[in-house]
Amino acid sequence: MSVLVVVECDKGEVKKSSLEVASYGAQVAQALGTTATAIAVGEASEASLASLGEQGISKVLYDNEARLKEFVNGAYTKLIAAAAEQEQAQVIVLANSNIGTSVGSRLAVRLQASLATNVVELPRVEGGNFIVKRGAYSGKAFSDVVLLNDRKIIAVKKNSIEALHNAGQTAQVQSFSAQLADTDFADAPKQVIMQEQTGGVPLPEADKVVSGGRGMKGPENWHLIEDLAKALGAATACSKPVSDVDWRPHHEHVGQTGITVSPNLYIACGISGAIQHLAGVNSSKVIVVINKDPEAPFFKAADYGIVGDVFDVLPKLTQAVKELG
Amino acid sequence: MKFLVCISNVPDTTTKITFTPDNKELNKAGVQFVINPWDEYALTRAIELKEQLGGSVTVLNVGEADTEPNIRKALAIGADDAIRVNAKPTDAFFVAQQIAAVAKDGGYDVILMGKESIDYNGFQVHGMVGELLGIPTVAPAMKLDMSGNTATLEREIEGGKEIVEVQTPFVVSCQEPMCEPRIPNMRGIMTARTKPLKVVEATGQGAATQVTEYALPPKKQGVKLIDAENAGDLIRLLRNEAKVI
């Protein structure tokens, strides 16, 4: 029996959300009295995989096959299933990302496991039940879910738990092969197109987010959002009306029918705070609202607020960040 | 081309969520139920592709009789017929088994649904259906075009997208900006009344998970207001008090 952690890598590095996943898996393993092994997917370097020891991982499996550098649902599923069998994994932990959940849902059927996605806390065992807490109703609620099958798969929401950093610990990296066939690559990408990221980080992975709404009055004013985002090292986002009128691309749309984010800091500029938007952001640790309307509903969900004109306030904030260094 | 569109019945996006006193179920009093917004992309795109390529669109819901108004709405938007699996959708695995059974029986070429339901937020059913049927799933797709039996899709990954080509049959989960979801017109509403809606009983195994309790998020302490004239103070508070920058 062991815990298997699925670690997503990009450009040689382990993604930040996967450091949290690894830490989650290591803590589950400790509670179960066993060890945590990782299976790495994507483009990884041996050094970054070995450093997963800092997150409590004892062993990392990696298949260096070129076609696995990009996400392929069929192949990733087979690879991880093979690793789970070899390691006799009772619990599999992955990121609540498009990759993690796509693979997790196939694995659940293949391995006859119970799957919980969008999980926000470490599991607990009560009266013999294995229970996880997860987000539901698009950020408006949480639910406790019992995973009934012997095998369990948990997809951990980003920024829900702290990553461990036990300096100096290293994991043993082993090559691994699942004997993949061409048919496992039926959904292999013909092309991969990455977006330009304002703060250098994709929105779902971002620690800080600066977001604009209709109060920004037009796409030509977005440099105010981008300047603050750059100064903070934040990603940029927007409300639904803004992406609906094409001021900003849809992948920046945060809300109930867009991306749900959970950064440490969410700064909303000229967004009134409709219930659908709040659902997408209310698991952010700190929410700042800037709006000239003191009655904007968003202030009720905020930690800090400025009642004022975004065109006047944003440059002052950018300046203050630069002065602070 | 035979399209199967799976829809779920969810509280309207403006709903203020509350639970029954034992916190075991949603308090449905006064709640308006709608077709899951993500599923609307799947439905409209299937209808568009049918108009282009010929074939049929069947809409499928796993739910009790109270979901029928929204199934009729899907027929009014342009689906040809409907199937309701008469059961409470207890969890993703249970629902996926029902969809897979209907899909196998009907020999559908393309099985579409939204990327997730806005109530359960599982992002699981499409992958499970694909696995149960042994066919590819592309999730979440922002674009779906078809030429013969080949589909070209844009799949969103964190920070970008992949262009993927798959052959029928396959499962696809849909999200914006795949199409502009349609709303029913008067003629659609009239014809929907007489379109076939078949009710079948559930099959397969039970659920793999069970919800024991719901909870609302903790309330915020209240907002700390900073004077717009001294906006820079906010940055110092974020550094020294909130410690997030």
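Student: How many salt bridges are counted between domain 1 of chain A and domain 2 of chain A?

Tutor: Let's begin with the rule: a salt bridge is a side-chain nitrogen of Lys or Arg within 4 Å of a carboxyl oxygen of Asp or Glu. Between domain 1 and domain 2 of chain A the count is two salt bridges. Lys16(A) forms a salt bridge with Asp207(A), with the closest N and O atoms 3.3 Å apart. Before we go on, note that this is a predicted model, in which local features need pLDDT of at least 70 and side-chain atom pairs count only at pLDDT 80 or more, while totals for chains, interfaces and linings use all residues. Residues are numbered from 1 along each chain as its sequence is written, chains are lettered from A and ligands numbered from 1 in the order in which they are written, and side-chain values use heavy atoms, with hydrogens and water left out.

Student: Where do domain 1 and domain 2 of chain A run?

Tutor: Domain bounds come from an automatic or database domain assignment. Here domain 1 of chain A covers 2-185 and domain 2 covers 203-324. Their C-alpha centres lie 31 Å apart. Contact means heavy atoms within 4.5 Å, and nine residues from domain 1 of chain A meet 15 residues from domain 2 of chain A.

Student: What area is buried between domain 1 of chain A and domain 2 of chain A?

Tutor: The size of an interface is often given as the accessible area lost when the parts come together. Buried area is the accessible area (1.4 Å probe) that two parts lose on being put together, summed over both. For domain 1 and domain 2 of chain A this comes to about 990 Å², of which carbon and sulfur atoms give 36%. On the side of domain 1 of chain A, Lys140(A), Lys158(A) and Asn159(A) lose the most area to domain 2, together 49% of what that side buries.

Student: And what is the buried area between chain A and chain B?

Tutor: About 6900 Å² is buried there, and carbon and sulfur atoms give 58% of that area. The contact brings 86 residues of chain A against 76 residues of chain B. Four salt bridges are counted between the two chains. Asp303(A) forms a salt bridge with Lys220(B), where the closest N and O atoms are 2.8 Å apart.

Student: In what order do the strands of the ten-strand sheet come?

Tutor: Strands of a sheet pair through backbone hydrogen bonds, either parallel or antiparallel. Two strands pair if DSSP finds at least two bridges between them; helices (H or I, at least four residues) and strands (E, at least two) are DSSP runs, numbered from the N terminus. This open sheet has the order 11(A)-9(B)-8(B)-7(B)-10(B)-6(B)-1(B)-4(B)-5(B)-11(B), with mixed pairing. Its edge strands, strand 11 (189-194) of chain A and strand 11 (197-200) of chain B, each pair on one side only. Strand 11 of chain A runs antiparallel to strand 9 (residues 160-167) of chain B, joined by five bridges. Along that pairing, Gln191(A) stands opposite Ile163(B).

Student: Which strands form the six-strand sheet?

Tutor: The order is 13(A)-12(A)-14(A)-15(A)-16(A)-13(B), an open sheet with parallel pairing. Its edge strands are strand 13 (235-238) of chain A and strand 13 (224-225) of chain B. Inside the sheet, strand 12 (residues 208-212) and strand 14 (residues 265-269) of chain A pair in the parallel sense over five bridges, and Val209(A) stands opposite Tyr266(A).

Student: At what angle does helix 5 of chain A run to strand 12 of chain A?

Tutor: Axes are lines fitted to C-alpha atoms, for helices over the stretch in contact, and angles run from 0 to 180 degrees between N-to-C directions. Helix 5 (residues 223-232) of chain A runs at about 175° to strand 12 of chain A, lying across strand 12, strand 13 and strand 14 of that chain. Helix 8 (residues 310-324) of chain A also packs on the sheet, and its direction makes about 135° with that of strand 15 (286-291) of chain A.
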